[in-house]
Amino acid sequence: MSFPAHRPRRLRQSPAVRLLARETHLVPSQLVQPLFVREGLSEPAPIGSMPGVEQHTLDSLRRAAVAAAEAGVGGVMLFGVPAARDAVGSGADDPDGVLNVAVSAVAAEVGDALVVQTDLCLDEFTDHGHCGVLRQAQEPGAAATVDNDATLERYAAMAVAQARAGSAMLGLSGMMDGQVGHVRAALDAAGFADTLLLAYSAKYAGAFYGPFREAVDSQLQGDRRTYQLDPANGREGVREALLDVDEGADVVMVKPALPYLDVLAAVRAAVDVPVWAYQVSGEYAMIEAAAANGWIDRRGAVLEALLGIRRAGADAVLTYWATEVAGWLASPVVE
């Protein structure tokens, strides 16, 4: 008996068949919208390097969160930009600080419709822009370094303040050793056992964060290479994810997304908790700039990038296009 030659092109012969045979899908509930709220604004302020993204007032933040919820987005991640900063980031755990006030307002507005999340890091709140408390150098002329253990105490206080304000999930983005276990213990002791922890486990030091630093008015001098991962190290990202899972992380993160799809796939294969990825500001800005110049199709590039991240293993994606893409997905174009 003879058989006809294999003809895989049949799966590509019509838009309807292609959609039916699609291996990877993108739905609004898999997207998380990052949002910036800045203290002292009277109206939203555009971020020059991130076209279409704004620093919000409290009122416009509420409206953006409602829009995300109505579009079916799975969550919002809130970042606060305070009017005043100091060496230890005192505003981070102040109940009247910009981020804690914002999360209370957003949780009251949309907390039943999506997951309200908060960035748990000191970089937006310190006058030196680093993610932790600095230890002054002993040698003349030497640079200060981040004090890991002193920073953990600040993270614990920040975590309890955010949970008390209404955050359902804390995004531990500071990359301090032991941060997940330390924060988990502090939350449990304060009665917040149900507050979830999103560990930025494989967060790489690199060139893709520039626009974000404009978004949060970062005061950073130097870099964060002493506590974020070396872009050359893939296995280290997997190891960090496994350590965070052991410490009690509910979700682990790979950041940035597109330059580290290999790490994302390896982490997904190694852990048994949800794995998310952050499509960071530099990834967003590159596509927006190329599209503005007419070099690429904006919608096509955005969707292709997000599908690539999902295909590599991300269960959810933080993306500045979340609400807009959710609208597209509600009225898909079959291609």
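I take contact to mean heavy atoms within 4.5 Å.

**Basis**

I am working with a predicted model, in which local features need pLDDT of at least 70 and side-chain atom pairs count only at pLDDT 80 or more, while totals for chains, interfaces and linings use all residues. Residues are numbered from 1 along each chain as its sequence is written, and side-chain values use heavy atoms, with hydrogens and water left out.

**Entry 1**

I then turned to the nonpolar core, defined as a set of buried Ala, Val, Leu, Ile, Met, Phe, Trp, Tyr and Cys residues joined through side-chain atoms within 4.5 Å. Buried means under 20% relative accessible area, exposed over 50%, and partly exposed in between, with a 1.4 Å probe and protein chains only. The largest such core has 103 residues, and Y155 is listed with F36, L78, V267 and W276 as having the most contacts inside it. Helix α4 gives the largest share of this core, eight residues. I note that helices (H or I, at least four residues) and strands (E, at least two) are DSSP runs, numbered from the N terminus.

**Entry 2: α4 against α5**

I recorded that the axes of α4 (residues 148-165) and α5 (residues 179-189) come within 9 Å and cross at roughly 45 degrees. That angle makes α4 oblique to α5. Axes here are lines fitted to C-alpha atoms, for helices over the stretch in contact, and angles run from 0 to 180 degrees between N-to-C directions. Angles under 35 degrees count as roughly parallel, over 145 as roughly antiparallel, 65 to 115 as roughly perpendicular and the rest as oblique. The crossing of α4 and α5 is right-handed; a crossing has this hand if the near helix is turned clockwise from the far one by less than a right angle, and is left-handed if anticlockwise.

From α4, the residues L152, E153, Y155, A156, A159, V160 and A163 meet Q179, H182, V183, A186 and L187 of α5. By class, I find nine nonpolar, two polar and one charged residues in the contact of α4 with α5. Ala, Val, Leu, Ile, Met, Phe, Trp, Tyr, Cys and Pro count as nonpolar, Asp, Glu, Lys and Arg as charged, and the others, Gly among them, as polar.

**Entry 3: α3 against α4**

I also looked up helix α3 (residues 98-110), which packs with α4 at an angle of about 30 degrees, the axes being 8 Å apart. The two helices α3 and α4 are therefore roughly parallel to each other. The crossing of α3 and α4 is right-handed. L99, N100, V103 and S104 of α3 make the contact with A161, Q162 and A165 of α4. The contact of α3 with α4 divides into four nonpolar, three polar and no charged residues.

**Entry 4: loop residues**

Is T126 buried or exposed? With a relative accessible area of 0%, T126 is buried. T126 has its place in the loop between β5 (115-120) and β6 (134-135). Beyond neighbours within four places in sequence, T126 is in contact with R85, D86, A87, V88, G89, G132 and Q219.

M175 is in the loop between β8 (169-172) and α5. M175 has a positive phi of about 65 degrees although it is not a glycine, and at 8% relative accessibility M175 counts as buried.

P256 lies in the loop between β10 (251-255) and α8 (261-270).
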